[in-house]
Number of protein chains: 2
Amino acid sequence: MSMNELRQLLGQVSDLNAAEALMSWDQETQMPPAAAPVRGQQLATLAGLGHTMFTAPRLGELLDAAQPGSDADRRLVTVTRRDYERAGRLPTEFVEARTLAQSEAHHAWVAARSASDFQLFAPHLERMMDFARRTADLIGYQDHPYDALLDEYEPGMRAAEVRSVFADLRDRTLPLLRRITAAGDAADYTVLRRPFSAAAQREFSLKVAREAFGLLPDFARLDVSAHPFQINFSRNDLRITTRFDETYFPMSLFGTWHETGHAMYEHGVGAEWERTPLGRGASLGVHESQSRMFENLLARSRPFWQRYFPELAAVAPEVAQGQDAESMYRAVNRVRPDLIRVEADEVTYNFHIMLRFELELSLLEGTLQVRDLPEAWNARMQEFLGITPPDDAHGVLQDVHWSAGLIGYFPTYTLGNLLSVQLLDAARQDPAIEAEVQQAEYGLLREWLVTNVHQYGRSLTPVELTVQATGRPLSADSYVQYLEQKYTDIYRLD
Amino acid sequence: MSMNELRQLLGQVSDLNAAEALMSWDQETQMPPAAAPVRGQQLATLAGLGHTMFTAPRLGELLDAAQPGSDADRRLVTVTRRDYERAGRLPTEFVEARTLAQSEAHHAWVAARSASDFQLFAPHLERMMDFARRTADLIGYQDHPYDALLDEYEPGMRAAEVRSVFADLRDRTLPLLRRITAAGDAADYTVLRRPFSAAAQREFSLKVAREAFGLLPDFARLDVSAHPFQINFSRNDLRITTRFDETYFPMSLFGTWHETGHAMYEHGVGAEWERTPLGRGASLGVHESQSRMFENLLARSRPFWQRYFPELAAVAPEVAQGQDAESMYRAVNRVRPDLIRVEADEVTYNFHIMLRFELELSLLEGTLQVRDLPEAWNARMQEFLGITPPDDAHGVLQDVHWSAGLIGYFPTYTLGNLLSVQLLDAARQDPAIEAEVQQAEYGLLREWLVTNVHQYGRSLTPVELTVQATGRPLSADSYVQYLEQKYTDIYRLD
């Protein structure tokens, strides 16, 4: 009986979390602006009730008394207990104070970015780092306080491992980047800025999201928001968002396919995990591997453009005029060191992440002071990418994460990039999948992803999942090989 | 301190209710269809948590310990205690069982209506009537069990009063209806069926909703749903819905203005009642007075069409061709006995309500058996409107209310009609308001409504509010006079 009661209680917490998520989605996509202040209170109430319900002693009793009758029950109890113990280490007052400080820091960041003045944000970032240190102390760790933070987003991952993988990645891709930047243009990139109406971008990106990636209107919808995201309220209730720039179509196209990758992961999670803490992706890194696979490995591949260039030409003839599949393939794979992470290409992107990871470590250790952060940022940018931001808005203030207290989050982007190729390489060992991928057909690949990644939800750790699906732990090998092969060809580096 | 804690707890319940309302709105307007089953569970969880929080002993203690420091505090304690005691009389198990039965009854009703076979629905209606009787017994009443049900929707109203007002209304409007139906057409009604695109209907109805009725996008939005409704999650977060028929534009136009009346009422509720049980309209009847005032008294008035006919002609020239303000005014005021309540005009509408009220009383008293309901329905239709439904779908099965367990709800529609004219007459005593209304300008009228109706929320009872705003209790007088004057003119009955 206690398994039933456990599932019932977890279902209620899940429903409460879903309501909070719906309120967030609505806030970003539908809500009239004057509703903002009360919506903030409503969100805080739901977050507080969810935390209270999930940390209540009753849940601990149910976990202790649980007699799992199946493997699924055992995994449910194990993972839920891990979450329960972690959540219980943070007192409600601490969580509330941190939430309040995050809200203030976020507002300060918006103002500081608008004024491009880091010092307006500095005191708030100091508070965020202080909360991060206290969070790490409350959670506990063996080697490094960063481990306690990273574990929230990438269970089981340690800072030392990230450091080692990142060093390998840097050493092996920096020379490639130097060769590419020396090679000159590989296409006419002005095609990316040809006028392309929002309605036509929407039509084309949704057609591909549906045909190629399986995103059906029966369980998903696309809306517009200032910052694109994916959120879902059950595995059959997926919401993705995008933004349209009518003179730079890659933003909405690849953005939509990126979020489609996240959505299809959530859609593939096994029904037995619905309304439990296991009913979502295994980690942010694994999640990112799915979004990056669709956005980059598939939608920025040559077979994809061979198949979909004619479709693009049908929807937007002016954009396609004088172009062909090959020129479009090269244009959307432009590599260029630039200032902004979210606009970075496959080669430079990870340097943006390494920079942030190293700075987070130094800040947390106290070897770097917050006030010296812009200088440290700019020095790293020069070292990695050979450029220096003209101001803080295009440098240290560009990302929302730190203002939201998200310390330890950034590495998951690069871990996801690495995993995306490692997974796709494993899947393509199957000749039938390989043959389809060469035709930009992804039906068998999507089945492989459901079977080997999606269905498990959080019942496997990212490490377990990676080894089981690819036969080895995560490394930079596949990704480096992918980049070298692809960009040696595009930029004719031989 | 306990007033603070009381307000905090009520705020949390209000936030939970808002989340449930958002989930409902989303379900009707945005949600992908495959999400329905889980959404049902999410809604049930939020409803259950809300009920549990609102009926918890702690709220009773806070109400007992409250030391109101202001008139607002006193009203808050009084009304909340009334709600708390009423809610506490219904055991949670009873509420849950009733909710489940309602859900089953609703599905049965959908199937029965689709098959136009009342007997498919009959056993469920019997259960609904049984739940209604038990609800009345649990709540308690002095004169008639109907009073306990009606009180939920129209606090303080009794069945005997409704009976008396309705009898008066019937006696005084039935002769008018006979004279109108004998008079023949007053306009070319085919104009109402001219093609009018959904986009143009939306543009025109929103322009009027904004200019005439004050519905601004800053705090309100319009979406499409199968059945139009208004819902809100705070006074600055109003959602109205409509449906478009491109060959019958009155449906969306008057429907949108109707829901705008509901929305502007909620928008006008005083900020001091936000996130409390008093932060919404005083009753369903008072609410309906606001929606009917916009929909009928204003938007079906001659000055309105004198002002807005040219705007309609600009948006939809084909609809306006060969017409003028006067012909359009007469067309949208067609009176004709018909089968469907929601499509009824100002004269026949209330007979649809009287019929339902009388049948509800008889069912509750046991003088009418559920199985005999279609016969009783059809007999009343013949008596009041001289027509007989060809089948159950166009008769006894047309409304959703009984399937949702809403017994005692229907009378509020007619009470709202009566109150709408009584309020407008009172407002028009002010010569400045009268002068504006004659020009289809409603700024001063809207201010009057905020001052005399909206701002109080539920802090005044409907009876208090009616007497304070109009100088006398609700009666049929104003409404009857309004109908006689208006339709004597339109149908040239002199």
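Let's start in helix H3 of chain B, residues 57-65. Why are B:Glu61 and B:Arg58 separated by about one helical turn? Because they sit 3 residues apart in that helix. In general, side chains of opposite charge can pair when their charged atoms come close. Keep in mind that this is a predicted model.

How many salt bridges are there over all chains? The count comes to 75. Across the interface of chain A and chain B, there are 4. Here is an example with both partners named. B:Arg39 and A:Asp237 meet through their side chains in a salt bridge, 2.8 Å from N to O.

Now the interface itself. On chain A, 36 residues are in contact with 36 residues of chain B. Together the two chains bury about 2,900 Å² between them. Of that area, 60% is on carbon and sulfur atoms. Then come the polar contacts. Between chain A and chain B, 14 residue pairs are in polar contact, both residues at pLDDT 80 or more.

Which elements of chain A supply that side? Helix H1 (2-29) and helix H2 (36-54) of chain A each give at least two residues. So do strand E1 (220-224), strand E2 (230-234) and strand E3 (237-242) of chain A. H1(A) supplies the largest share, 10 residues. Sort the side of chain A that touches chain B by class, and you get 19 nonpolar, 8 polar and 9 charged residues.

Next, the sheet in chain A. It is an open sheet of 3 strands, in the order E1-E3-E2, with mixed pairing. E1 and E2 of chain A are the edge strands, and each pairs on one side only. From one strand to the next, the twist averages 20°. E2(A) and E3(A) run antiparallel, joined by 4 bridges. Find A:Ile231 on your screen: A:Arg239 in E3(A) stands opposite. What packs on this sheet? Helix H2 (residues 36-55) of chain B does, touching E2 and E3 of chain A. The direction of that helix makes about 75° with that of E2(A).

Over to the sheet in chain B. Again 3 strands form an open sheet, ordered E1-E3-E2, and the pairing is mixed. Its edge strands are E1 (220-224) and E2 (230-234) of chain B, each pairing on one side only. Neighbouring strands are turned by 20° against each other on average, direction ignored. E2(B) pairs with strand E3 (residues 237-242) of chain B in the antiparallel sense, over 4 bridges. One pair to look at: B:Ser234 has B:Asp237 of E3(B) as its bridge partner.

Last stop, helix H18 (residues 431-438) of chain A. Which residue caps its N-terminal end? That is A:Asp430. A side-chain oxygen of A:Asp430 lies 2.8 Å from the backbone nitrogen of A:Ala432. After H18(A) comes A:Ala440, with a positive phi near 55°.

Definitions and conventions. Residues numbered from 1 in each chain as written. Chains lettered and ligands numbered in written order. Predicted model: local features only at pLDDT ≥ 70, side-chain atom pairs only at ≥ 80, totals over all residues. Heavy atoms only, no water. Pairing = 2+ DSSP bridges. Axes fitted to C-alpha atoms, helices over the stretch in contact; angles between N-to-C directions. Contact = heavy atoms within 4.5 Å. Buried area = accessible area lost by both parts, 1.4 Å probe. Polar contact = N/O pair within 3.5 Å; in protein donor to acceptor, adjacent residues only side chain to side chain. Nonpolar A, V, L, I, M, F, W, Y, C, P; charged D, E, K, R; others polar.
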